[in-house]
Amino acid sequence: MNFNIDYFLSVFPQILPYLPVTLFISIVSIIFAIVLGLAIALVRNNNIVIVDSIFSLFISLFRGIPSVVLLFIIYYGLPQIFPVLKQMGATTADIICFSLKYSAYLAEIFRAGLASVDIGQKEAGLTSGLSIFQVYRGIILPQAMINALPNTGNMFISLLKDSSVAFFVGVQELLAAGKMLTANSFLYFETYLAVGIVYWLTVVAYSWIQKQLERKLTKPYHR
C-alpha cells in the first residue's frame, strides 16, 4: 500500500481554516430549523385539519427531496422564477436549503416531544388561571424540549455532515478544500481520509457537549 503519511499529515493544517465555514452554515441553519420546526409543531398541535394537511405536505416534501437537489432548486432554479433572487449568495442558499429540510424533521421531533408531556399538566395550568401562553412557556415547552433534545442533537450531526453538499454551489468549506488539494496532488485517499477525520472529530466534540448538556438539563429528574 502506497500511503503518503507526510502528505496526509500536511493536509490537516490546510483544511482546518475551512472548518469555521462548515460550522457557520450548520449552526445558523439548525437555529432557523429549530425555530421553524417548533412553530410548525405548535400549530399542528392544535389539530386544525386544513392547516395540519398543509404542514404534512411541507414535511413530506422537504424530507423527500435530496439535499443536493433541493439546493440546486433554490440556488439555480428559484432565480429563474424570481429574478430578485439572482443576487442570492451560495452560503445564503445553503442556509435556506438546510433550514427548510431540517425543520421538516424537527417539526416531527418537536411534535412528539409535545405529545410526551401529560395533557393533564396543560389542563391543570389553565385551571390555575395561567394563560395558554404561560402554560406552554413555563410548563409544556421546557419538558418537551428536554425530551426532544437527543433527537435534535442527532439532526444537527446529520446537518453537519450534510453541509458538505455546499461544495456543489461553490462554497469553500471542508469538502471543497479537500477537492482543491486533490486537484494538485492527486492523492485522493490521503486527502479525503483527512477530511473525513476532521468531520468525525467535530462530531465527537459536539456529541460530548450534547451529552453534558443533557446531563445538566435532566439532573433535577435524577435521584
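Which residues are linked in a network of salt bridges? Select Arg44, Asp52, Glu108 and Arg111, and you have that network on screen. Keep in mind that this is a predicted model.

Start with Arg44 and Asp52: they form a salt bridge whose closest N and O atoms sit 2.7 Å apart, and both residues are buried. Now pick up Glu108, which also pairs with Arg44, again with 2.7 Å between the closest N and O atoms. That pair links distant parts of the chain, with Arg44 in helix 2 and Glu108 in helix 5, 64 residues apart.

Next, show Arg111, whose side chain meets that of Asp52 in a salt bridge (3.7 Å, N to O). Here helix 3 (Asp52) is tied to helix 5 (Arg111) across 59 residues. Arg111 is partly exposed, with 27% relative accessibility.

Time for the greasy part. Select Phe98, Leu106, Phe110 and Leu114: in the largest nonpolar core, which has 39 residues, these touch the most other members. Helices 2, 3, 4, 5 and 7 each supply at least two residues of this core, and helix 5 gives the largest share, eleven. Zoom in on Phe110; beyond its neighbours within four places in sequence, its contacts include Ile34, Leu38, Met145 and Thr152. A second, separate core has 13 residues, among them Val11, Leu19, Val195 and Tyr199.

Last stop, the surface: Ile27, Ile31 and Val35 make a nonpolar patch of about 270 Å². Ile27 belongs to helix 2 (residues 19-44) and is partly exposed at 40% relative accessibility.

Terms used:
Residues numbered from 1 in each chain as written. Predicted model: local features only at pLDDT ≥ 70, side-chain atom pairs only at ≥ 80, totals over all residues. Heavy atoms only, no water. Patch = residues over 30% accessible without salt bridge, like charges linked within 9 Å, V, L, I, M, F, W, Y side chains within 5 Å. Areas by Shrake-Rupley, 256 points an atom, 1.4 Å probe, with all protein chains shown as cover. Salt bridge = Lys/Arg side-chain N within 4 Å of Asp/Glu carboxyl O. Helix = DSSP H or I, 4+ residues; strand = E, 2+ residues; numbered from the N terminus. Buried < 20%, exposed > 50% of the residue type's maximum accessible area, 1.4 Å probe, protein only. Core = buried A, V, L, I, M, F, W, Y, C linked by side-chain atoms within 4.5 Å. Contact = heavy atoms within 4.5 Å.
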